[in-house]
Amino acid sequence: MEKFTVLEGVAAPLKLVNVDTDMIIPKQYLKTIKRTGLGTGLFSEMRYKDDGSDNPDFVLNQPAYRQSKILVAGDNFGCGSSREHAPWALLDFGIRCVISTSFADIFYNNCFKNGILPVVVSKDDLDKLFDDAERGANATLTIDLPAQEIRGPDGGVVHFEIDPFRKRCLIEGLDDIGLTLEKAPSIAAYETAKGAERPWL
């Protein structure tokens with residue numbers, strides 16, 4: 001998993017509440033178990049018109065936000081089904097951080113497992129970040145995970161809380177497999193000891 005320390009990039013404002021995982025990545029894209037290629041389907045029902053052309057009104061189709069790395073979104077982001085394809089699609093598009101006042105639990109957990117930082121902020125702070133994000137190409141935010149702060153284009157700072165274990169995993173790029181491999185010497189020693197006790201196995 002790619003490490004997450006300091007991320008600087010354009011933030012796109014998505015002023016919608018209750019954005020569910022079917023909106024993030026519709027069901028027709030769930031046939032694959034690959035983590036790549038899903039960026040095309042991200043928010044596809046809002047990004048594309050019926051004829052497949054870009055919807056110019058959707059924020060990620062606007063020139064200033066096509067390369068966004070950060071998404072500033074309304075309350076209860078990632079609700080709905082538990083599909084892990086939702087964070088896969090965000091990551092494949094290039095989004096490494098989602099900021100909201102609240103997240104659905106399963107989506108929140110899946111973000112950490114895939115190298116995306118979900119940041120919970122207060123309503124007042126979210127309103128400030130929406131203001132920053134609405135500046136188009138000048139909507140650059142800096143997400144500093146070690147310092148646990150978001151720095152705006154005018155020097156304003158928003159502090160956020162995060163579980164220390166999850167913070168460590170993101171900074172070191174450790175997913176579940178990486179965490180298991182950290183224990184490899186202990187696992188090998190245990191298996192060797194058990195093998196000596198039960199040589200018939």
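Modeller: Buried means under 20% relative accessible area. Keep in mind that this is a predicted model.

Biologist: Fine. Then what does Phe43 count as, buried or exposed?

Modeller: Phe43 counts as buried, because its relative accessibility is 0%.

Biologist: And where is Phe43 found?

Modeller: In the loop between α1 and α2, the latter being residues 44-47. Its phi is positive, about 50°, although Phe43 is not a glycine.

Biologist: What is phi at Asn18?

Modeller: Near 55°, again a positive value in a residue other than glycine. Asn18 sits in the loop between β1 and α1.

Biologist: Is that one buried, exposed or partly exposed?

Modeller: Partly exposed, because Asn18 has 41% relative accessibility.

Biologist: Let's switch to rings. How many aromatic pairs are there in the whole structure?

Modeller: The search finds 6. One of them joins Phe43 and Phe58. That pair is tilted, with 5.7 Å centre to centre and 50° between the planes.

Biologist: Which parts does the pair of Phe43 and Phe58 tie together?

Modeller: Phe43 is in the loop between α1 and α2, and Phe58 is in the loop between α2 and β2, so the pair ties together parts that are 15 residues apart in sequence. Phe58 is buried, and so is Phe43.

Biologist: What about Phe77 and Phe103?

Modeller: They form an edge-to-face pair. The centres are 6.3 Å apart, with 80° between the planes.

Biologist: Where do those two sit?

Modeller: Phe77 is in the loop between β2 and α3. Phe103 is in the loop between β3 and α4. The pair links distant parts of the chain, 26 residues apart. Both residues are buried.

Biologist: Which residues of α4 are buried?

Modeller: In α4, residues 105-113, the buried ones are Phe107, Tyr108, Asn110, Cys111 and Phe112.

Biologist: And what do they pack against?

Modeller: Against α1 (21-24), α3 (85-93), β4 (117-120) and α6 (164-172). Just after α4 comes Gly115, with a positive phi of about 85°.

Biologist: You mentioned α3. How many of its residues are buried?

Modeller: 7 of its 9, so α3 is mostly covered by the under 20% cut-off. Among the buried ones are His85, Trp88 and Phe93.

Biologist: What covers them?

Modeller: The cover includes α1, α2, β2 (70-73), β3 (97-100) and α4. Gly94 follows α3 and has a positive phi, near 120°.

Biologist: Now the strands. Which sense does β1 take with β5, parallel or antiparallel?

Modeller: Antiparallel, over 5 bridges. β1 covers residues 6-14. Gly9 has Leu141 in β5 as its bridge partner.

Biologist: And how many bridges join β5 and β6?

Modeller: There are 3, also in the antiparallel sense. Thr142 stands opposite Arg151 in β6.

Biologist: What sits between β5 and β6 in the hairpin?

Modeller: There are 4 residues between the strands. In this hairpin Gln148 takes a positive phi near 55°.

Biologist: Last one. What lies over the face of Phe130?

Modeller: Lys15 does, at 5.2 Å from the ring centre.

Key. Residues are numbered from 1 along each chain as its sequence is written. This is a predicted model: local features need pLDDT of at least 70, side-chain atom pairs count only at pLDDT 80 or more; totals for chains, interfaces and linings use all residues. Side-chain values use heavy atoms; hydrogens and water are left out. Two strands pair if DSSP finds at least two bridges between them. Buried means under 20% relative accessible area, exposed over 50%, partly exposed in between (1.4 Å probe, protein chains only). Contact means heavy atoms within 4.5 Å. Rings of Phe, Tyr and Trp (its six-membered ring) pair if their centres lie within 6.5 Å; planes under 30 degrees apart count as stacked, over 60 as edge-to-face and the rest as tilted. A charge sits over a ring if NZ of Lys or CZ of Arg is within 6 Å of the ring centre and within 35 degrees of the ring normal.
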